[in-house]
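Thanks, everyone. I'll take a few minutes on the packing in this model. Please have the sequence and the structure open.

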Amino acid sequence: MLLAHRLYSYVYQPNITLNEKSEQFIYIPTGSGFRDVVGILSDNGLLIDANSFEWVSERKNYKRNIKAGRYFINREMSNNELVNMLRSANQVPIDIHFHNIKTKKELAGKIANQIEADSISILSILSDSTFLDTNKFTPENINSIFIPNTYEFYWNTSAEQFINRILKEHQTFWNRERVRKAKDKGLRQTEVSTLASIVESESFMKDERPIIARLYLNRLKKGMKLQSDPTIIFAIGDFNIRRVLTKDLKVDSPYNTYINKGLPPGPICLPSINSIDAVLNATENNYLFMCAKEDFSGYHNFAKTAKEHSRNAKKYRRALNKRKIMR
């Protein structure tokens, strides 16, 4: 009876200790062996009795079936439940977010902080010439494959698996209706994303974005330079700039839309779905100029003529000076 009770406790009684917490996640990296798993559990102070866990693992053949992943642990788990979960790779997925991203390096770092793949591996794929050519992207516009949203992934997702999934999501997003609207405006999908990134960088006000999108489409149609301040900030690389100065407009960069006609070579941020759709569904207007409102509400004054725009710009400069915003 004593032996039977001991075996029963080995298998079915709780063997997890969580101190003050009632639950916790553990991460088992790809390539881990059984001793690594025991180390992870022990280092986190989770096992009440490591010997009983090893005994059950041996009999359930877990020692030779280690699966990487992110696993949810609670204080009620027995060795039997713990081993069954780990052996079957019954892990909890992660909701991956990437919003307000400007550069590939920043994006890779953000993703690497959420899944097992490291940022170097992600950047390597995004910079690979074969990958770019196969999927018809350039090093400058590859960021347009990322549609900011919430995606469910397993933690042990590799860089290749992550990028392949993002490509599928991109293809799903660009349905027939969106592709048609882009063609109607004479834009490729990557160009829509590039323009949308400018629209997003110009305004946080979602109701204003379709107006701004049309303004830039109007300028493109007339062959005018876009003259967008956010592209100057991107070209300089200092995203803390609050005021673009006259000297900044001379920065030597293909992203300088005060010097170069047309769209820059790629997005200056990851545009949201709202901004992309703002371009595809741009509001009809005849505006050619815009300037932030002097009340700092986040909205803009729009103008059809340079003279009207000059008046709006003077009001905004006075407001900046009054608040001592010089940079």
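One definition before we start: a helix here is a DSSP run of H or I, at least four residues long, and helices are numbered from the N terminus. With that, take V199, which sits in helix α10. And keep in mind that this is a predicted model.

Is V199 buried or exposed? Its relative accessibility is 0%, so V199 counts as buried. What does V199 touch, leaving out residues up to four places away in sequence? The list is R209, I212, A213 and V279. Now look at S275. V199 and S275 are 76 residues apart along the chain. Their C-alpha atoms are separated by 6.5 Å.

α10 covers residues 189-202, and α13 covers residues 273-280. Their axes lie 8 Å apart, and the packing angle is about 110 degrees. Roughly perpendicular covers 65 to 115 degrees, so α10 is roughly perpendicular to α13. The crossing of α10 past α13 is right-handed.

Who makes the contact? From α10, we have V192, S193, L195, A196, V199 and E200. From α13, we have S275, I276, V279 and L280. Sort the residues of this contact by class: seven are nonpolar, two polar and one charged.

On the α9 side, the residues are R178, K181 and A182. They meet I273, D277 and L280 in α13. By class, that is three nonpolar, no polar and three charged residues.

Stay on R178 for a moment. R178 belongs to helix α9, residues 176-184. Is this arginine buried or exposed? The cut-off for buried is under 20% relative accessible area. R178 comes in at 18%, so it counts as buried. Setting aside neighbours within four places in sequence, R178 contacts F173, I273, D277 and L280.

Now the cores. The largest nonpolar core has 52 residues. Which of them touch the most other members? Those are F98, F146 and F162. Helix α8, residues 159-173, supplies the largest share of this core, with six residues.

Not counting residues up to four places away in sequence, F162 touches F98, I111, I115, F146, F153 and T157.

Last topic: backbone. Most residues other than glycine have a negative phi. Two places here are worth a look. N61 is not a glycine, yet its phi is positive, about 60 degrees. N61 is in the loop between α3 (50-59) and β2 (69-74). Its relative accessible area is 33%, so N61 is partly exposed.

Where is A89? In the loop between α4 (79-87) and β3 (94-97). At 27% relative accessibility, A89 counts as partly exposed.

That's my set. Over to you for questions.

Notes:
Residues numbered from 1 in each chain as written. Predicted model: local features only at pLDDT ≥ 70, side-chain atom pairs only at ≥ 80, totals over all residues. Heavy atoms only, no water. Core = buried A, V, L, I, M, F, W, Y, C linked by side-chain atoms within 4.5 Å. Buried < 20%, exposed > 50% of the residue type's maximum accessible area, 1.4 Å probe, protein only. Helix = DSSP H or I, 4+ residues; strand = E, 2+ residues; numbered from the N terminus. Contact = heavy atoms within 4.5 Å. Axes fitted to C-alpha atoms, helices over the stretch in contact; angles between N-to-C directions. Parallel < 35°, antiparallel > 145°, perpendicular 65-115°, else oblique. Left-handed = near helix turned anticlockwise from the far one by under 90°. Nonpolar A, V, L, I, M, F, W, Y, C, P; charged D, E, K, R; others polar.
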